[in-house]
Structures are given as structure tokens and as C-alpha cells.
Amino acid sequence: MSDTETSECVLANSTDTYTHRFKGGVEAIVIVSGDGDTDLDLYIYDEYGNLVDYDLDTTDTMVCSWTPSRTATYTIKIKNLGSVRNYYTMWTN
């Protein structure tokens with residue numbers, strides 16, 4: 001599934017931000033899996049800052065998917081809602 005895989009750590013009460021170019025007309029998928037220590041939330045924004053998709057459940061495993069109308073760079077934000085750091089892996093296509 002993955003074109004890119006990123007392993008990183010988001011600090012307590014912090015947000016990690018990435019950009020990724022997704023192809024127009026092809027389903028875009030972002031999957032994040034944390035270490036289980038805290039709740040993580042996932043937000044996807046288009047090039048104009050519009051929120052495209054999000055996953056706000058109470059776990060640190062998240063999936064967002066959408067189909068971009070054209071090829072563009074999107075912003076991915078992973079927010080740690082907990083009081084300790086969380087090591088996670090993110091996969092994107």
C-alpha cells in the first residue's frame with residue numbers, strides 16, 4: 001500500500017506536520033499507528049488550508065482517505081493529545 005513510510009515521535013501535547021503530494025483521481029490514503037501510550041488525532045489539509053479529512057477517535061491508530069480532484073501537495077498533521085510522547089509510523093500512498 002505504502003509509497004512512503006515514516007517513523008517518528010510526537011512529543012506530549014504537540015503536533016507533527018508533514019507535506020505529501022497526492023495524485024489527482026487516485027484514492028489518497030494516510031495511515032498512522034502509534035505505540036499505544038496516548039490518543040493521537042490526524043488532520044489532512046489541501047493546498048489552500050481547507051480540512052479535507054480527519055480521524056479524531058480516542059486511539060492512536062488512524063486512517064484518512066479521499067480522492068483528490070487533481071495532483072497537489074497536502075498537509076498532514078498528527079496531534080498528540082496525551083501527556084507523554086508517542087512513537088508512531090505513518091504510511092502514505
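Reader: What percentage of the contacts in the protein with a separation of 6 or more comes from residues 24 or more positions apart?

Author: Such residues account for 74% of those contacts, where contact means heavy atoms within 4.5 Å. This is a predicted model, in which local features need pLDDT of at least 70 and side-chain atom pairs count only at pLDDT 80 or more, while totals for chains, interfaces and linings use all residues. Residues are numbered from 1 along each chain as its sequence is written, and side-chain values use heavy atoms, with hydrogens and water left out.

Reader: What secondary structure does the protein contain?

Author: The protein has eight strands and zero helices. Helices (H or I, at least four residues) and strands (E, at least two) are DSSP runs, numbered from the N terminus. Along the sequence the pattern reads β-β-β-β-β-β-β-β.

Reader: How do you know which strands pair in the open sheet, and in what order?

Author: Two strands pair if DSSP finds at least two bridges between them. Eight bridges join strand 2 to strand 7, six join strand 4 to strand 7, and four join strand 4 to strand 5. The four strands form an open sheet in the order 2-7-4-5, with antiparallel pairing. Strand 2 (15-22) and strand 5 (51-55) are called edge strands, as each pairs on one side only. From one strand to the next, the twist averages 20°; here axes are lines fitted to C-alpha atoms, for helices over the stretch in contact, and angles run from 0 to 180 degrees between N-to-C directions.

Reader: Which residues stand opposite Y45?

Author: Y45 faces L51 in strand 5 and T75 in strand 7.

Reader: What makes one face of strand 7 the covered one, and which residues lie on it?

Author: In a regular strand the side chains alternate between the two faces of the sheet. In strand 7 (residues 72-80), A72, Y74, I76, I78 and N80 form the covered face, whereas T73, T75, K77 and K79 form the uncovered one. K79 is the bridge partner of T15.

Reader: Why is I44 called buried?

Author: Buried means under 20% relative accessible area, exposed over 50%, and partly exposed in between (1.4 Å probe, protein chains only). I44, in strand 4, has 0% relative accessibility and therefore counts as buried. Beyond its neighbours within four places in sequence, its contacts include V30, L51, C64, W66 and Y74. I44 and W66 are 22 residues apart in sequence and 9.7 Å apart in space, C-alpha to C-alpha.

Reader: Is N13 buried or exposed, and why?

Author: N13 has a relative accessible area of 59%, so it is exposed. N13 is placed in the loop between strand 1 (4-10) and strand 2. Its phi is near 50°, a positive value in a residue other than glycine.

Reader: How many disulfides does a search of the whole structure find?

Author: The search finds zero disulfides, a disulfide being a pair of cysteine sulfur atoms within 2.5 Å. As for the cysteines C9 and C64, C9 counts as buried because its relative accessibility is 16%, and C64 counts as buried because its value is 0%.

Reader: How do you know that the radius of gyration agrees with a compact globule?

Author: The radius is taken over C-alpha atoms, and the globule rule is 2.2 Å times the number of residues to the power 0.38. With 93 residues, a compact globule would have a radius of gyration near 12 Å; the protein has 13 Å, which agrees. Buried residues make up 40% of the 93 residues.
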